[in-house]
Amino acid sequence: MAEKKRARAGLIDFACYVDPQQEYWYRAKHLIILADILERVARGELRRVIVTLPPRHWKSSLVAKWEAKLLGDDPQDTIIAASRALNLAKKFSEHVRGTIEGVRYQSLYPDTKIQRGSDRADDWLLEGGYQSSFRAVGTGGGISGEGARKLILDDVSDPNKQSSDTETANDWEWYKNVLRTRLEPDGAILVINNRVGTSDIVGYLLDPERNDSADPPHTWTVINIPAQADDGQYLWLDRFGQDYYEQLKNDPTLWRIQYQQKPTQAEGTLIKREWFEKRLADGTKVLDVAPHLPPGARWKVRPIDAAF
């Protein structure tokens, strides 16, 4: 009885109760931090939240458990969960459904059941509900019908789109004009992902010049959880070990952006790469910092005073 009481009271205890084989991992320090944030959203203390942390650190697993608990605590709650592709969003939805249908969940929340015949992975309803309880959508997809009290954007930005200003701008317009319009007046928005570039959804939301949505940058609570802290400590050594993190550093760009949550532009806004480029006869661009080298010289160097 005490175990069930704890499971209903706190997200980490809930996750451990419904998925006891993974209890050790759910009690990782960064997941306890994430759980506290999610519980504050559930209580209405936070309404616009961005959490960034590295891939494969169980953020989506815990968020799915949280979504199931939300519907147990309040079967009238409504959720729209968005991811960069519909198949990924459906996978997360099935995780939530599977938790709700589990025996251990039902022992905690016997009144929360999925309505008979509500079999779609991307749109389903709880018994006693009058609208969709949970909808899953991929970035760019349509969302018709009623709104939701929780908008959850889990890995909504595609790293393969970051080199295209057009595609990232289209994703922003979709968020602003489609997904954001589904939020109920008292609702909350959670954005949780690893960064993938300066023009991902987080980049737009936190940029005063680009964020023309109903929620300007100052309205967001931002929590960054890097793979390596300032003191050098790695985030989840128990699970991955030091070698795992060290090997990721072989790609400094990937490490900086997706694991340390520090995206930067490929070029600056004051000094342009094109100023130092030369186009060869075949159209190839190469850096050319000096027109000719004197005999015997091996290096081209151009000093620049960057004190703008």
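**Basis.** The model is predicted: local features need pLDDT of at least 70, side-chain atom pairs count only at pLDDT 80 or more, and totals for chains, interfaces and linings use all residues. Residues are numbered from 1 along each chain as its sequence is written, and side-chain values use heavy atoms, with hydrogens and water left out.

**Overview.** The protein has 11 helices and nine strands. Both are DSSP runs numbered from the N terminus: helices are H or I with at least four residues, strands are E with at least two. Of the 308 residues, 47% are buried. Buried means under 20% relative accessible area, exposed means over 50%, and partly exposed lies in between (1.4 Å probe, protein chains only). The exposed surface comes to about 16,500 Å², with 48% of it supplied by carbon and sulfur atoms. Areas come from the Shrake-Rupley method with a 1.4 Å probe; for residues, only the protein chains shown count as cover.

Seven strands build an open, mixed sheet in the order 3-4-2-5-6-1-7. Strand 3 (123-124) and strand 7 (221-224) are the edges, each pairing on one side only. Two strands pair if DSSP finds at least two bridges between them. Strand 1 (residues 48-52) and strand 6 (residues 183-193) run parallel and are joined by five bridges. T52 has N193 in strand 6 as its bridge partner. Helix 4 (residues 29-42) packs on the sheet and touches strand 1, strand 6 and strand 7. Its direction makes about 165 degrees with that of strand 1. Axes here are lines fitted to C-alpha atoms, for helices over the stretch in contact, and angles run from 0 to 180 degrees between N-to-C directions.

**Salt bridges.** The structure holds 21 salt bridges. Each is a side-chain nitrogen of Lys or Arg within 4 Å of a carboxyl oxygen of Asp or Glu.

| Pair | N to O distance | Sequence separation |
|---|---|---|
| R104 and E3 | 3.9 Å | 101 residues |
| K65 and D19 | 3.9 Å | 46 residues |
| D215 and R180 | 2.6 Å | 35 residues |

R104 sits in helix 7 (residues 103-108) and E3 in helix 1 (residues 2-9). R104 is partly exposed at 32%, and E3 is partly exposed at 43%.

K65 belongs to helix 5 (residues 59-73), while D19 lies in the loop between helix 2 (11-18) and helix 3 (23-26). K65 is buried at 3%; D19 is partly exposed at 21%.

D215 is in the loop between helix 9 (201-205) and strand 7, and R180 in the loop between helix 8 (165-179) and strand 6. D215 is buried at 5%, and R180 is buried at 15%.

A salt-bridge network links D74, D77, R149 and K150.

**R27.** R27 lies in the loop between helix 3 and helix 4. R27 is partly exposed, at 37% relative accessible area. Leaving aside neighbours within four places in sequence, R27 contacts I12, D13, C16 and I32. The C-alpha atoms of R27 and D13 are 8.7 Å apart, across 14 residues of sequence. Their side chains make a polar contact at 2.9 Å. Such a contact is a pair of N or O atoms within 3.5 Å; within protein, one must be able to donate a hydrogen and the other to accept it, and residues adjacent in sequence count only if both atoms are side-chain atoms.

Notes. Contact = heavy atoms within 4.5 Å.
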